[in-house]
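Dear colleague,

I am passing on the structure below, together with an account of what was found in it. Please have it open beside this message as you read.

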Amino acid sequence: MKRGPMGAEDPLLRVEGVGKAYFSNRVLKNVNFTLGRGRILGLVGENGAGKSTLMNILFGMRVIQETGGYEGKILIDGKEVHFRSPMDALNAGIGMVHQEFSLIPGFTVAENIVLNRETLVYNPLVEAFGDRLTTLDRASMTRRADEAISRLNIELDSSTPISELPVGYKQFTEIAREIDKKGTRLLVLDEPTAVLTESEADILLDSMRRLAAQGISIIFISHRLQEVMSVCDDIVILRDGEVVLQTTPAETSVRQIASAMVGRKIDRTEGPAEERRSSDKVAMQIEHLWVDMPGETVRNVNLTVFEGEILGIGGMAGQGKLGIANGIMGLHPAGGKVTFHGENVELNNPGSPLSLGISAVSEDRRGVGLLLEESIAWNIIFTSLQTQGRFLKSFGPLKIRDEEAIAECARKYIHDLEIKCTSEKQHVQELSGGNQQKVCLAKAFETRPRLLFVAEPTRGIDVGAKKVVLDTLKRYNREHGMTIVVISSELEELRSVCDRIAIIDKGSVAGILPASTPSEAFGYLLMGAGAAEAEKAANDNSNGTEAASA
Amino acid sequence: MNRIKKFIEEAGWPRILIAVFLVILFIVAPFVGVPVDAAFSDTLVRFGMNGVLVLAMVPMVQSGCGLNFGLPLGIIAGLLGAVTSVELEAKGIPGVFTAMAIATPIAVVLGWGYGLLLNKVKGEEMMIATYVGFSSVAFMCIMWLVLPYSSSNMVWGYAGVGLRTTVSVEEFWQRAISDIAAFNIGDAFYFPTGMFLFFLLLCGLMWVFMRTRTGTAMTTVGSNPDYARASGVNINRMRTLSVILSTWLGALGIIVYEQSFGFIQLYMGPFMMAFPAVAALLIGGASVKKASIINVIVGTFLFQGILTMTPSVINSMLQTDMSEVIRIIVSNGMILYALTRVTKVRS
Amino acid sequence: MKSTSGGNAVTLFCMRNAVPIVFLLVSSIGIYYSQFTAEYLIQEMLTRLARNSFLVLSLLIPIMAGMGLNFGMVLGAMAGQIGLIFISDWNVSGLYGMTLAALIATPLAILFGWMCGVVLNKARGREMVTSYILGFFMNGVYQLAVLYGFGSLVPILNPELVLSRGYGIRNVTNLDNIRGSLDNAIELNIMGIHVPLATFLLIGVFCLFIVWFRRTKLGQDMRATGQDLSVAHSAGIPVMRTRIISIVISTVLAAYGQIIFLQNVGTLNTYNSHEQAGVFAIASLLVGGATVARASILNVFTGVLLFHLMFVVSPMAGKYLVGDAQIGEYFRVFVCYAIISLALVLHAWRRHADKERARAALRGEAGGAA
């Protein structure tokens with residue numbers, strides 16, 4: 001079925017040589033593509049490939065203006081546009097559905113669809129008190145909502161309060177709202193299927209096809225390969241801020257997309273320096289773990305961590321990789337069975353893993369990892385003081401903090417990890433991201449753990465600090481025999497430090513491969529293409545793989 | 001210039017205004033005929049009277065429960081102790097300590113229940129604390145009428161039942177603590193050494209406590225509960241403990257207050273007592289989330305200084321008593337300032 | 001949602017309305033023991049409904065905007081009282097006097113309300129405690145103005161209003177010139193019971209206003225703001241402004257409410273009348289079954305009726321029951337504060353439970369996997 005543009009006419013959207021750098025950090029370069037009327041474009045890429053930056057530019061988000069604008073041109077109907085705010089983008093007919101819902105829970109579906117664009121009726125009081133005293137025309141509001149819903153071709157009662165809807169229908173309500181906006185011609189859907197069940201996702205894909213048939217163009221951001229292949233007319237794959245492949249489903253294969261998305265970037269990092277034989281001794285055994293962490297739900301994870309290895313856990317955002325560490329550390333409600341060196345780890349009790357010698361560096365550095373308003377020294381020693389009773393000295397019958405020992409310890413880490421600060425008394429909130437991360441590591445190291453979880457170790461920190469952090473992890477692993485589990489969205493980073501890497505998809509382990517496996521094998525796992533495909537890809541390219549499926 | 005600016009920013013202009021105002025009051029006082037020694041002595045006495053009540057704010061602020069507007073609960077425990085010791089006719093220093101000994105278990109039980117309640121309503125502690133305080137005062141109004149106290153020093157003469165609104169402790173333990181090693185300089189200057197020592201002793205104990213493992217954990221819970229939890233600290237237990245401590249200090253505080261004042265004020269007496277204590281702590285430089293012992297000492301001194309000096313100085317200058325109005329504006333203005341400054345709200 | 005059987009529906013109704021039901025029971029016992037006649041009680045309830053309803057109604061709009069119980073309504077009451085002081089001074093009587101007082105009070109109340117709104121926007125998440133302290137603070141400012149400013153900076157002509165020292169308003173201001181002027185504007189007596197019809201008409205008009213207001217764009221924006229500030233903001237609703245408007249409306253209405261209240265009472269306790277206005281109005285509303293997040297017009301009338309019923313009967317019931325009227329009086333004070341505490345606790349509690357439930361909904365199949 002061809003719903004393409006008619007010959008000479010300008011395409012709805014043309015992106016020409018668009019680039020963007022946040023100060024010295026280049027995140028997009030020379031992006032080019034076009035999108036015709038009524039076509040669906042799949043935008044595919046790893047986390048951090050530049051998808052969100054591109055959408056922020058397209059949507060006129062303020063953060064782009066504040067950091068010096070962008071390069072290149074964006075043309076709508078062949079005319080160049082400069083959006084200064086999301087309002088400008090809305091007026092030009094661009095609608096966006098974000099991953100987080102933007103709905104009022106107590107309002108009905110209809111009220112949400114027409115939110116702040118209600119049908120209004122004039123009354124004389126308006127003259128005295130202004131436009132906001134116009135009354136609502138509820139009949140018309142309902143009619144508009146029903147119309148938008150019917151264009152999506154779904155079953156949804158517009159008088160139901162949002163709070164009573166299942167997640168999938170909240171998503172439809174959001175889309176219906178964009179459709180109800182007059183002149184919405186381009187719809188951006190950011191990972192809309194991430195929160196949907198499979199049947200709901202099918203309905204959504206169907207609705208997308210219908211909308212396209214009605215002439216609305218769609219940019220569909222997804223990492224689910226099958227969905228992209230089944231619904232899109234064009235596919236654009238971004239990697240490291242560049243378009244690496246522009247194709248159509250007919251011309252490409254799952255494999256080509258996977259390898260384009262992940263790419264071969266071995267030249268950038270040196271890769272695992274040595275092939276190491278990890279020991280056969282099991283450090284941690286995870287069975288049927290589920291974790292209720294909002295946005296990172298873990299559904300059923302089975303995983304074995306061997307003593308002395310560095311295990312990587314990768315996966316797309318929202319698939320549950322972060323939930324694993326948080327669940328085991330007792331920070332979110334969890335269930336299942338976790339044993340550590342044969343001893344049972346009590347879930348939902350943060351004290352239990354700590355006392356067994358398991359520590360974690362949280363991905364939420366500022367929220368969970370640090371006491372921003374306290375000194376570096378206090379941040380580093382608190383956990384050891386609490387769980388192990390160290391850094392205390394006797395004061396009569398009481399034991400009080402030994403400030404001398406605390407400062408001593410903090411100074412040691414400041415020197416070891418090259419933490420840039422005025423002194424150990426400086427408040428942590430005044431440090432840069434990289435130095436804050438080093439404080440988090442110091443805190444974890446000081447508990448002298450036998451197993452350490454490190455989540456997103458390099459997120460939001462500069463290149464120099466990145467190297468120190470990763471090298472430090474390796475050093476502690478080699479020198480102290482510390483078993484380390486690194487959880488990261490950046491596959492290349494995992495490949496450079498880990499021995500084995502597990503990929504998490506939909507809350508379960510999609511597969512475990514040695515870090516030396518070629519990257520497209522991981523690409524398959526990331527895109528939910530299944531372990532078998534990944535194994536095949538791995539076998540094609542190298543020998544000696546160790547693929548496992550959950 | 002920048003340093004001054006930074007100093008003002010850190011201290012907050014209301015605090016500086018109040019400090020400057022107090023200094024001006026002391027400077028102006030001799031010129032309008034107010035005896036400075038008497039005024040200063042009054043300030044010191046009131047400082048000692050109120051210090052422990054202000055100190056009672058610290059544990060709850062540190063553990064993140066916010067300003068303890070529920071102080072009346074602790075005060076009630078103290079009142080029960082005081083009234084019971086009078087009923088037992090305990091006199092002098094043993095009398096005061098009898099009162100404290102009786103008040104302690106009551107404060108612990110009340111504080112424990114109050115702590116459990118506040119754990120259920122995280123994020124809205126302050127409003128609920130205010131009304132828990134009010135309700136308990138109103139409830140005790142009924143109790144004062146009903147409880148079977150019979151000492152003729154305390155019950156209404158004509159009915160023979162029900163406690164009086166104010167009970168004098170003159171014959172029992174008035175200034176029992178204050179007068180330990182107290183001295184006079186001249187006619188007007190009186191220094192309540194014992195009361196100061198007692199207050200400093202409690203401050204010292206608090207200082208030590210805040211440095212123990214438990215005290216460190218308490219501060220951390222207030223600073224970042226998620227961090228504390230990730231380090232294996234039981235947040236609810238720390239919070240409950242801090243509430244018990246605050247309540248107990250409130251009980252001791254009111255007994256210290258009464259022995260200096262000479263009267264036990266029942267019924268609606270404790271109703272508004274949380275507000276001056278809260279205001280004093282904030283004036284001393286504390287915020288809704290952080291308070292230190294220095295804040296307590298500085299704040300109590302500044303606030304009580306203003307309360308003592310304004311009536312005398314302003315009266316002499318304007319021949320009118322504006323102290324009540326100034327008290328209301330200063331204390332509530334200070335609380336308001338602190339509440340609006342913290343914009344980050346954790347839920 | 002499963003359909004509920006008849007028995008369940010009754011249980012649900014009782015749970016939702018536990019507070020009014022308990023109050024009704026306590027009051028019924030109180031009525032029995034107080035030995036009041038039906039005529040007396042009916043007259044008293046009618047009077048108190050007319051007197052207090054308007055004040056309580058003024059609380060509805062900030063609740064709609066998600067700002068909780070507006071303890072800052074005392075600011076409006078102060079504005080109303082300043083209006084009344086002026087008309088007493090100028091000796092304007094009757095309905096004209098009330099209207100003039102309202103006219104004077106309106107700009108003041110708008111100013112106070114705007115101030116209050118700005119302050120509360122700075123203290124998001126702790127609006128109630130802040131508006132409460134703001135009430136205390138403004139009480140100080142009010143006293144400063146009325147006790148020291150009036151008669152010195154602000155000219156007061158009538159020496160009877162002024163303290164003997166030459167400035168400052170006396171503790172009690174007589175409002176004989178407007179006493180009952182609205183209540184008695186339309187004479188209606190049914191079986192010897194006087195019905196303040198005009199006041200009820202005014203309250204009725206006001207209820208219609210609230211019903212209509214809910215259907216305006218502004219009302220819809222307030223509901224949206226109240227339910228989810230950030231979503232409303234991203235939808236383009238000027239949330240901060242909307243919140244301020246809701247407080248301004250509430251403050252202005254509280255000013256009118258206080259004028260109506262005082263024309264019935266007939267005397268103005270210059271320095272105390274407003275202090276109780278907030279606490280009593282809020283307690284009434286909560287007794288009527290409202291919560292911090294939801295309140296209806298029905299809650300207002302039920303609440304005023306039940307709260308004041310308890311208020312009237314408890315001293316006498318106390319006297320006949322335990323031989324001491326004082327206990328009854330303390331009892332009603334206790335109930336007043338306890339009911340507010342209870343409502344606040346329940347609200348906070350429920351919010352936590354809702355959050356837990358919302359999380360559980362996100363859990364998906366995870367919970368069942370193990």
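**Where chain B meets chain A**

The side chain of Lys290(B) and that of Glu374(A) form a salt bridge, with 3.0 Å from N to O. Please keep in mind throughout that this is a predicted model. Across the interface of chain B and chain A, the rule finds one salt bridge, while the count of residue pairs in polar contact between the two chains, both partners being at pLDDT 80 or more, is twelve. On the side of chain B that touches chain A, at least two residues each come from helix H8 (193–211), helix H9 (213–223) and helix H10 (225–230) of chain B, and H9(B) gives the most, with six residues. Sorted by class, that side of chain B holds seven nonpolar, eight polar and seven charged residues.

As for the extent of the interface, 22 residues of chain B are in contact with 30 residues of chain A. The size of an interface is often given as the accessible area lost when the parts come together. Here chain B and chain A bury about 2,100 Å² between them, and 58% of this lies on carbon and sulfur atoms.

**A helix of chain A**

Turning to chain A, helix H17 (residues 463–480) has 18 residues and spans 25 Å from its first C-alpha to its last, which is close to the 26 Å expected at 1.5 Å a residue. Its buried residues include Ala465(A), Val468(A), Val469(A) and Leu470(A), and also Lys474(A) and Asn477(A). The buried residues of H17(A) pack against several elements of chain A, namely strands S15 (310–314), S21 (451–455) and S22 (483–487), and helices H15 (403–416), H16 (433–446) and H18 (491–497). After H17(A) comes Gly481(A), which has a positive phi near 65°.

**Two residues with positive phi**

Most residues other than glycine have a negative phi. Asn153(A), although not a glycine, has a positive phi of about 60°, and it is found in the loop between helix H6 (138–152) and helix H7 (167–180) of chain A. Glu191(A) is likewise not a glycine and has a positive phi, of about 45°; its place is in the loop between strand S9 (186–190) and helix H8 (198–213) of chain A.

Are these two residues buried or exposed? Asn153(A) is partly exposed, with a relative accessible area of 47%, whereas Glu191(A), with a relative accessible area of 10%, is buried.

With kind regards

How values were computed: Residues are numbered from 1 along each chain as its sequence is written. Chains are lettered from A and ligands numbered from 1 in the order in which they are written. This is a predicted model: local features need pLDDT of at least 70, side-chain atom pairs count only at pLDDT 80 or more; totals for chains, interfaces and linings use all residues. Side-chain values use heavy atoms; hydrogens and water are left out. Contact means heavy atoms within 4.5 Å. Buried area is the accessible area (1.4 Å probe) that two parts lose on being put together, summed over both. A salt bridge is a side-chain nitrogen of Lys or Arg within 4 Å of a carboxyl oxygen of Asp or Glu. A polar contact is a pair of N or O atoms within 3.5 Å; within protein, one must be able to donate a hydrogen and the other to accept it, and residues adjacent in sequence count only if both atoms are side-chain atoms. Helices (H or I, at least four residues) and strands (E, at least two) are DSSP runs, numbered from the N terminus. Ala, Val, Leu, Ile, Met, Phe, Trp, Tyr, Cys and Pro count as nonpolar, Asp, Glu, Lys and Arg as charged, and the others, Gly among them, as polar. The expected span of a helix is 1.5 Å times one less than its number of residues. Buried means under 20% relative accessible area, exposed over 50%, partly exposed in between (1.4 Å probe, protein chains only).
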